[in-house]
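Please open the structure in the viewer and keep the sequence at hand.

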Amino acid sequence: MFDTGSSYLVILNKDCKGCLSTSSSILNKTNKYDTSISPFYQTFYKEESISYGIGFTKGIQAYDRVSLNGVKGSVDMKFLLADQISDLSGTYDGIIGALY
């Protein structure tokens, strides 16, 4: 999902227990990030939340090599690893801020 009002990258954690709020049936069908797979994953153990016009996300700051589906190559990037999402509808694997 593109967010035209922020510069944040938000990725859904595979253990996201708080992602089952409003759109539980949709979020159960999406890909989620597994921290154990990447040898480059790091966490900053700093909690952060992001509010949108409707809804919010909450999680910890993390760092890894990131690539978009279908795009060759990757970039080292800081992102929010979401453990909670509320009132955001649609089918998506994450949120990328267009201001990034």
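Is Asp15 buried, partly exposed or exposed? Asp15 is partly exposed, with a relative accessible area of 42%; buried means under 20%, exposed over 50%, and partly exposed in between, with a 1.4 Å probe and protein chains only.

The model is predicted: local features need pLDDT of at least 70, side-chain atom pairs count only at pLDDT 80 or more, and totals for chains, interfaces and linings use all residues. Residues are numbered from 1 along each chain as its sequence is written, and side-chain values use heavy atoms, with hydrogens and water left out.

Next, display the whole chain as a cartoon. Helices (H or I, at least four residues) and strands (E, at least two) are DSSP runs, numbered from the N terminus.

Now select Leu9, Ile11, Tyr33, Ile60, Ala62, Val66, Met77, Phe79 and Leu81, which form the largest nonpolar core. Such a core is a set of buried Ala, Val, Leu, Ile, Met, Phe, Trp, Tyr and Cys residues joined through side-chain atoms within 4.5 Å. Strand 2 (9-12), strand 4 (56-66) and strand 5 (75-86) each give two or more residues to this core.

Finally, select Arg65 and Asp76, whose side chains meet in a salt bridge (3.0 Å, N to O). The term requires a side-chain nitrogen of Lys or Arg within 4 Å of a carboxyl oxygen of Asp or Glu. Arg65 lies in strand 4 and Asp76 in strand 5, so the pair ties together parts 11 residues apart in sequence.
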